[in-house]
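This report describes the surroundings of the ligands and of two neighbouring positions in the chain. The sequence and structure come first.

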Amino acid sequence: MTDKLSVILIGAGNMGGAMFQSWVRAGILDPARSAVITPNPKPWLLDLSDETGIPINPVDDGEGYDIAVLAVKPQMFADVLPGLSWPNMEKTVFVSVAAGLPIGEIENILKSNIAEPHVVRGMPNLPVSVGEGLTLMASGQAVSDAEQSNVKRLLACAGDVIVMDDEDGLDRYVGTSGSGTALALLLVEAMEDAAMSLGADEAAARRMAEQVFVGAAALLKSDDRPASELRAAVTSKGGTTAAGLAVLDDEKNGLRPLMKRAVDAAYARARELAGK
Ligand SMILES: NC(=O)C1=CN([C@@H]2O[C@H](COP(=O)(O)OP(=O)(O)OC[C@H]3O[C@@H](n4cnc5c(N)ncnc54)[C@H](O)[C@@H]3O)[C@@H](O)[C@H]2O)C=CC1
Ligand SMILES: O=C(O)[C@@H]1CCC=N1
């Protein structure tokens with residue numbers, strides 16, 4: 001038995017393309033039982049297809065695929081999914097990474113081709129493109145433990161994967177996963193702006209702010225202590241860091257209540273998009 005996975009990717013755009021590259025890097029795909037469907041494949045994809053032998057837009061689907069990753073825009077699902085067809089399709093697990101589309105809705109669309117579709121929802125974030133992603137996932141009722149574990153193994157090629165108890169977790173934590181990258185990047189921009197307001201030119205401000213975040217991220221990765229303990233290690237009593245933190249960590253007007261509002265707003269919007 002091979003531990004390689006049989007996967008078909010539908011939609012090799014920004015997200016699908018980044019995920020596919022992580023699978024190829026990890027060597028997890030069985031080229032004889034994998035494929036990519038995407039119109040107008042980009043040169044990098046054609047090169048990877050030549051390198052790996054994984055076909056693009058194949059005419060022969062062999063015995064079919066164990067996992068189908070759906071990475072087209074959410075509004076295209078209703079058009080694209082009913083047109084999909086390959087042998088043993090009822091045994092395929094469908095993994096949607098579309099923001100906001102509930103499992104039930106995807107199951108309903110797939111019911112035009114399959115009696116009992118097996119659907120997993122994943123919420124990846126942009127750092128999957130550099131192997132440092134975070135994907136939250138939740139499975140529909142029909143998905144078995146073995147199927148869920150294969151999907152988790154596939155998604156883990158691009159970074160950390162957290163299995164949620166239910167689908168609401170994907171919406172609830174979108175501000176600290178899918179959208180979280182943008183919230184963290186805004187902190188970098190705010191630090192750049194602050195440095196420039198003190199006289200730094202743009203290049204210097206960017207260099208300082210970026211390296212502070214890269215350094216903080218590297219510390220978090222290499223040291224098991226929580227952020228609060230690492231922060232304490234650079235905060236001298238009565239020193240400069242304490243002065244800065246007194247402003248940023250103000251109970252009422254500081255970063256924590258602001259971050260809570262931002263994450264709550266992302267959750268509310270995710271629910272709205274899901275029609276809840
Ligand atoms: N970009 C991001 O950071 C995140 C994106 N997502 C989700 O990922 C999905 C894809 O988003 P992006 O990659 O950003 O969009 P994109 O527009 O870059 O990619 C969509 C791809 O689908 C292809 N496509 C169009 N029609 C097709 C068809 N009939 N069959 C197969 N492929 C077809 C397009 O050519 C394109 O390459 C969306 O559902 C989005 O909600 C989820 C989390 C984060
Ligand atoms: O902003 C969005 O709606 C999508 C979902 C998470 C990241 N991008």
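Helices and strands here are DSSP runs, helices of at least four residues and strands of at least two, numbered from the N terminus. The model is predicted.

## Gly11

Gly11 sits in the loop that joins strand 1 (7-10) to helix 1. Gly11 counts as buried because 22 other C-beta atoms lie within 10 Å, and the cut-off for buried is 20 or more.

Apart from neighbours within four places in sequence, the contacts of Gly11 are Gly16, Thr38, Leu70, Ala71 and Val72. Gly169 is 158 residues from Gly11 in sequence, and their C-alpha atoms are 25 Å apart in space.

## Ile10

Ile10 is part of strand 1. Ile10 is buried, because it has 22 C-beta neighbours inside 10 Å. Beyond four places in sequence, Ile10 is in contact with Ile37, Ala68, Val69, Leu70, Ala71, Val72 and Val80.

## Ligand 1

The shell around ligand 1 holds 23 residues, of which Gly11, Gly13, Met15, Ala98 and Ala99 are the closest. By class, 16 are nonpolar, six polar and one charged. Helix 1 (residues 14-26) contributes the most to this shell, with three residues.

## UniProt record

An unreviewed UniProt entry lists a "binding site" whose positions include Ile10, Gly11, Thr38, Ala71 and Val72.

Notes. Residues are numbered from 1 along each chain as its sequence is written. Chains are lettered from A and ligands numbered from 1 in the order in which they are written. This is a predicted model: local features need pLDDT of at least 70, side-chain atom pairs count only at pLDDT 80 or more; totals for chains, interfaces and linings use all residues. A residue is near a molecule or strand if its C-beta atom, placed from the backbone, lies within 6 Å of it. Ala, Val, Leu, Ile, Met, Phe, Trp, Tyr, Cys and Pro count as nonpolar, Asp, Glu, Lys and Arg as charged, and the others, Gly among them, as polar. A residue is buried if 20 or more other C-beta atoms lie within 10 Å of its own, exposed if 12 or fewer, and partly exposed in between; C-beta atoms are placed from the backbone. Two residues are in contact if their C-beta atoms, placed from the backbone, lie within 7 Å. UniProt positions are given in the numbering used here, feature names are shortened, and annotations may be inferred rather than shown by experiment.
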